[in-house]
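Some labels for a structure hide a cut-off.

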Amino acid sequence: MSDGVNKSNNKKEVRVWCDGCYDMVHFGHANSLRQAKALGDMLIVGVHTDEEITKHKGPPVFTQEERYKMVRAIKWVDQVVEGAPYVTTLETLDKYQCDFCVHGDDITVTADGIDTYHLVKEAGRYREVKRTAGVSTTDLVGRMLLLTREHFKRGDKEYTVALEHSSNLGTDSTARSPYTGCSQFLPTTQKIIQFSSGLSPKPTDRVVYVAGAFDLFHVGHLDFLEAAHAQGDFLIVGLHTDLEVNRYKGSNYPIMNLHERVLSVLACKYVHEVVIGAPYEVTAELMEHFRVGVVCHGRTHIAAGADHRDPYIVPKQRGCFKILDSGNNMTTEDIVQRIIRHRLEFEERNNKKEQKEISIMKSAQKNHLKQNGNCDVKVFPG
Ligand code: CTP
Ligand code: C5P
């Protein structure tokens, strides 16, 4: 256990442990880490290797190096432990001087169907937080796969069925797991407040402005935002509307809607403020309103506006436009291509995961009826 002392009130520092795959890091992961951090002072996050994930769940979409980097950039994370074991042991908690482990209120099992948290639960060193409904890697992969023709046709039907049966454990053919099937994320102002920095730029701060889609927030975005952050003191990210992104990207982009993209970007430690539905052109009014000192874009293509104008014409004329090299050439399209290439593996992985969850939920329901609803795990509200 931790010997550290919280300097502000002389109380013992509470060190919290979280672990997981954190594949295609999304705001559901970030929200679980936010809640975990609120239960203590220091948040240590263990991330599994590609090998461990492949063994227990199926191949991850992102490499371990990409996943480590993404988790490290989430603003509530104090430390990342690379290659954390799939089953959380007391030795691991002790090694990193963590008081307890926190996980969402969903089911995580090994390849052999064993609860990965059984050891810490038995030792009373386990806490639960509410899983963020309506977002999961599985859901995002599903949206991407809808880009292929066959899925497009079946898409709407599948989505409706998933919603109708999101907690239906009835017959085997219709049963759906609420953790794996698609469901709908309901954005609230409270979530935005919880995610935002609440900071305003100081009068002396140099304000940096960047704009884009930031769809399926990935390591390319992250490297770019780190470079943009280094250009000044206060970073504002303008997010284009779904209609605007669809105008210049086509197909069924963006994969994540504006509300979802807002939370993904706000969870990044380099970002101070987000403009929700920024105008495509960086206008003089926008620059004056936010007292923007420098406007940046990465090395990716700059699409013209609907009016055929260069969206950066004003900052260029003012001599405050910079192209930054993120050193990373990942794009949202690359991620979609990775998924489509490995489509069958992902479908198999999702089916297996869902079947495991359903059988565990069914047996838990039976036990619950037998024991008349006694539950010894406390779930903290989201
Ligand atoms: N989590 C959450 N809300 C979500 C998704 C994940 O709170 N919508 C939490 C999980 O409960 C866990 C942590 O994020 O505490 C890490 O999850 P991870 O191991 O990456 O796997 P999954 O729960 O399977 O998440 P996903 O289906 O998105 O891969
Ligand atoms: O493509 P999107 O609009 O999401 O990009 C947002 C910003 O991130 C743009 O400035 C883009 O050039 C930058 N970026 C980058 N390196 C990447 C991906 C995006 O610099 N690999």
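Q: What do buried, partly exposed and exposed stand for?
A: Buried means under 20% relative accessible area, exposed means over 50%, and partly exposed is in between (1.4 Å probe, protein chains only). This is a predicted model, in which local features need pLDDT of at least 70, side-chain atom pairs count only at pLDDT 80 or more, and totals for chains, interfaces and linings use all residues. Residues are numbered from 1 along each chain as its sequence is written, chains are lettered from A and ligands numbered from 1 in the order in which they are written, and side-chain values use heavy atoms, with hydrogens and water left out.

Q: Why is S251 called exposed?
A: Its relative accessible area is 57%. Exposed means over 50%, so S251 is exposed.

Q: What makes the phi of S251 worth a remark?
A: S251 has a positive phi of about 45°, yet it is not a glycine. Most residues other than glycine have a negative phi. S251 lies in the loop between α10 and α11.

Q: Which peptide bond is cis, and where is P254 placed?
A: The cis bond joins Y253 and P254, with omega about 0°. Most peptide bonds are trans. P254 is in the loop between α10 (242-249) and α11 (258-266). Helices (H or I, at least four residues) and strands (E, at least two) are DSSP runs, numbered from the N terminus.

Q: Why is R291 called partly exposed?
A: R291 has a relative accessible area of 38%.

Q: What makes H218 a buried residue?
A: H218 has a relative accessible area of 3%. Buried requires under 20%, so H218 is buried. H218 is found in the loop between β8 (207-212) and α9.

Q: How do you know that H218 has a polar contact with G220?
A: The backbone nitrogen of G220 lies 3.0 Å from a polar side-chain atom of H218. A polar contact is a pair of N or O atoms within 3.5 Å; within protein, one must be able to donate a hydrogen and the other to accept it, and residues adjacent in sequence count only if both atoms are side-chain atoms. H218 also touches M70, M330, T331, T332 and I335, not counting residues up to four places away in sequence. Contact means heavy atoms within 4.5 Å.

Q: Why is α1 described as largely enclosed?
A: Ten of the eleven residues of α1 are buried, so the rest of the structure largely encloses this helix. Among the buried ones are F27, H29, L33 and R34.

Q: Which residues come nearest to ligand 1?
A: H26, D106, T132, V135 and T137, of 17 residues around ligand 1. A residue is near a molecule or strand if one of its heavy atoms lies within 4 Å of it. α1 gives the largest share of this shell, three residues.

Q: What makes a set of residues a nonpolar core?
A: The members are buried Ala, Val, Leu, Ile, Met, Phe, Trp, Tyr and Cys residues joined through side-chain atoms within 4.5 Å. The largest core here has 66 residues, and L225 and V237 have the most contacts inside it. Another core, of 16 residues, lies apart from it and includes V207 and C320.
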